[in-house]
Amino acid sequence: MANFLIRRILAMIVMFLIITFVAYNVLSLAPGGPLQELQQQQQNNANRLDAFAFERVMVRYEFDIDLIPRYTRWLMGQPDGPLNLFGQEMFGATQVGCLRKGETIFKYPDGRVVVSDCEVPVYLNDLKGRAVSKGILALDFGTSQGVLRGRPVSEVLNSRIGLTLLLQGISSMLALAIAVPLGIYTAVKQYSKLDYATTTVAFLGSSLPSLFWGLMGLLVFAVLFKQWGLPYFPAGTFVSNTPQTVPLIGVIEPESFADRAWHLILPILILTFVSLSGWIRYIRASVLEVLKQDYVRTARAKGLSERAVILKHAVRNALIPFITLVVTILPGLVAGAIITETIFSLPGVGNLLVAAIYGSDYNVAMAVLLLSVVLTLIAYVLADILYTVADPRIRLR
Amino acid sequence: MAITAIKPQKENEKARKPLARADTQFTIVARRFRRHRLAMVSLLVLGAIFTASILAKQISPFERDYLNVESAAKFLPPLSTSPETGGMHWLGTNQIGQDLFTRLVYAARISLTTAILATTFSTLVGTILGTLGGYFRGVIDAVIQRVIDFFSNLPTLPILLILTAVLVTDPRLIPIPTFVIKFLQAIMLFDQEREARVVAALILILTLLGWTGVARLMRGQVLQVRERDFVEGARALGANSLAIITRHIVPNAFPPVIVAFTLGLASSLTAETSLSFLGIGIQNPIPTWGNMLAFTQSYMFERPYLPLIPAFPMFLCSVAFNFIGDGLRDALDPRQTK
């Protein structure tokens with residue numbers, strides 16, 4: 001077990017480094033960043049910018065540094081100058097980037113260009129004294145460049161994560177509380193009326209995405225119910241500005257608890273329904289499979305009560321593979337409700353990620369991605385550990 | 001394998017009927033599938049939607065991006081005529097006066113082609129890598145398994161969002177051969193090369209993130225099949241690995257992959273629609289069900305019928321793919337004897 005954990009955690013670290021390196025560099029390729037904005041302004045001659053202003057922006061966003069040092073600076077705030085060994089500064093003259101690209105010397109007719117060497121190289125010495133974050137390993141995600149320009153990313157995240165945790169926490173718990181008993185019941189009472197009803201609803205729920213159900217829920221419960229004079233849910237807002245009169249319920253004061261709840265019920269129900277449907281189908285299928293097994297027949301032949309057969313022999317075995325699905329709740333807590341948050345305009349992390357991508361806010365996008373990567377990695381290790389707890393036949397080596 | 005009873009030939013029948021043979025695997029599966037009523041209905045519905053999208057140019061009354069300039073032509077209700085050309089707007093017009101029916105049909109063509117191509121490629125890659133890993137095992141398998149582990153440990157939607165945002169906004173970042181672009185332009189009826197590049201980038205991304213499930217499935221199947229007697233028999237007769245894989249292993253390991261392919265179509269469609277809805281995937285002026293839905297959301301208070309127009313075909317397709325997947329799963333299940 002200890003051996004297994006050490007190996008898994010080492011593998012996790014490697015995965016983490018690869019994913020963040022790739023993602024960080026892919027994001028830095030993204031067009032529409034601050035540089036492109038400047039270039040456009042120059043083209044429009046709105047603000048006449050000289051080459052130095054342009055380079056200052058490059059330096060500010062570290063676009064002048066090569067991929068790997070730029071990544072390590074983001075990861076752990078290093079290198080922040082020449083290597084300091086026993087008071088001796090070393091490798092100060094190592095080139096780590098290029099501020100001004102060489103000029104085009106020659107253009108081939110097929111589009112290839114020959115560029116001269118870097119005109120203004122960046123050396124390790126030049127990094128001395130530059131502002132650098134402590135690195136994400138020290139939980140310093142840098143500053144936001146678009147969503148809330150200038151504010152620390154951790155502050156932006158903090159302001160958003162509570163809502164997503166609330167949404168996903170409540171809906172996952174609800175979904176679990178309904179899916180497990182209902183899945184077991186429909187499998188045990190196969191072909192009963194409740195089974196037919198549940199499987200039909202679960203089939204529809206799992207074959208269509210949250211996008212569809214969110215919009216349809218909004219259409220029915222927010223738009224049509226309002227027109228028909230039924231108690232409706234709000235759409236497109238997170239808090240009310242003025243007291244709202246809802247038929248049959250009464251007046252809802254802005255920013256009261258009732259107001260918050262009123263705004264969150266519909267998205268929570270949609271999220272619950274979508275994950276519920278998939279889980280019910282999964283549990284039902286695996287309980288049905290287990291009920292056919294010989295050991296269940298043996299348990300019945302021993303004269304055990306049906307209750308003991310199902311709860312102790314069938315369900316316990318049937319729910320083991322379900323662990324893999326349950327642990328996905330963990331990464332879902334951060335970025336599992338992107339679509340639903342967008343549909344209901346809820347200021348959660350998913351919404352933040354979309355906004356960050358729109359606004360080329362790399363630090364924010366990377367922070368969200370990072371959190372979900374780490375949580376996904378933890379979730380899978382957790383699944384392996386839970387497997388051994390639930391099933392003593394499985395040993396991790 | 002069931003052998004159908006040979007009916008006694010009637011005396012007066014002169015024409016000699018060919019000898020009744022044992023049913024092929026295909027006829028057995030087809031017969032079982034036909035019995036799955038919902039799957040058959042789904043097949044018909046999908047057939048209709050496919051036909052409409054193939055005939056997009058012929059059945060749509062307007063050009064894809066034609067817009068009525070007059071402000072009176074915005075938000076026309078269904079079944080009204082265009083004040084400019086006199087053409088029929090079967091489903092009305094959108095917020096800038098474009099014909100919704102036309103855009104819906106083109107969107108079907110674009111969304112479905114994207115889903116089909118992305119799923120085909122990811123199934124192909126998954127099948128090849130899964131087969132190689134399962135058959136040869138050893139180092140090849142270990143490497144492929146690591147890659148699968150890597151991809152399946154990714155948080156899919158955030159990665160999908162970021163990749164798409166980068167690659168779709170600037171599709172020149174990935175070099176795609178010109179003939180592929182030309183091909184996509186031809187089948188999706190794009191006038192502009194840029195539009196084809198966007199779709200190509202999206203297909204590539206969906207493939208990249210979608211192949212691991214099939215690979216894992218195929219590997220498991222191949223690991224079972226390669227131990228069977230007929231594989232050993234083939235090897236004893238001197239068949240080489242290529243022949244064993246293509247003639248014995250893949251055909252026997254493939255049925256679950258067919259099911260996975262059908263269900264994969266639904267999830268590719270979902271992924272594309274969701275991305276386009278978020279404004280990160282395929283964007284205006286290229287119509288897809290996702291970005292049409294995104295536009296209707298802003299106007300649903302005044303015109304509640306609007307979201308239903310793109311949502312309905314999306315509903316039909318997703319449900320149909322899932323029903324067909326279920327039908328195929330039942331039909332291909334060897335434990336079924338009928």
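**View 1. Helix α9 of chain B in a predicted model.** Helix α9 (residues 229-236) of chain B lies largely in the open, because 0 of its 8 residues are buried (20 or more other C-beta atoms within 10 Å of a residue's own, with C-beta atoms placed from the backbone). Helices here are DSSP runs of H or I with at least four residues, numbered from the N terminus. After α9(B) comes G238(B), with a positive phi near 95 degrees. The model is predicted: local features require pLDDT of at least 70 and side-chain atom pairs pLDDT 80 or more, while totals for chains, interfaces and linings use all residues. Residues are numbered from 1 along each chain as its sequence is written, and chains are lettered from A in the order in which they are written.

**View 2. The side of chain A that touches chain B.** In contact (C-beta atoms within 7 Å) are 37 residues of chain A and 33 residues of chain B. The largest share of this side of chain A, 8 residues, is supplied by α15(A). The side comprises 32 nonpolar (Ala, Val, Leu, Ile, Met, Phe, Trp, Tyr, Cys and Pro), 5 polar and no charged (Asp, Glu, Lys and Arg) residues, with the others, Gly among them, counted as polar.

**View 3. Helices α5 and α8 of chain A.** The axes (lines fitted to C-alpha atoms over the stretch in contact) of α5 (residues 153-188) and α8 (residues 257-291) of chain A come within 7 Å and cross at roughly 30 degrees, on a scale from 0 to 180 degrees between N-to-C directions. Their contact involves 21 nonpolar, 6 polar and 1 charged residues.

**View 4. F52 of chain A.** F52(A) belongs to helix α3 (residues 51-60) of chain A. Having 8 C-beta neighbours inside 10 Å, F52(A) counts as exposed (12 or fewer).

Notes:
Two residues are in contact if their C-beta atoms, placed from the backbone, lie within 7 Å. Helices (H or I, at least four residues) and strands (E, at least two) are DSSP runs, numbered from the N terminus.
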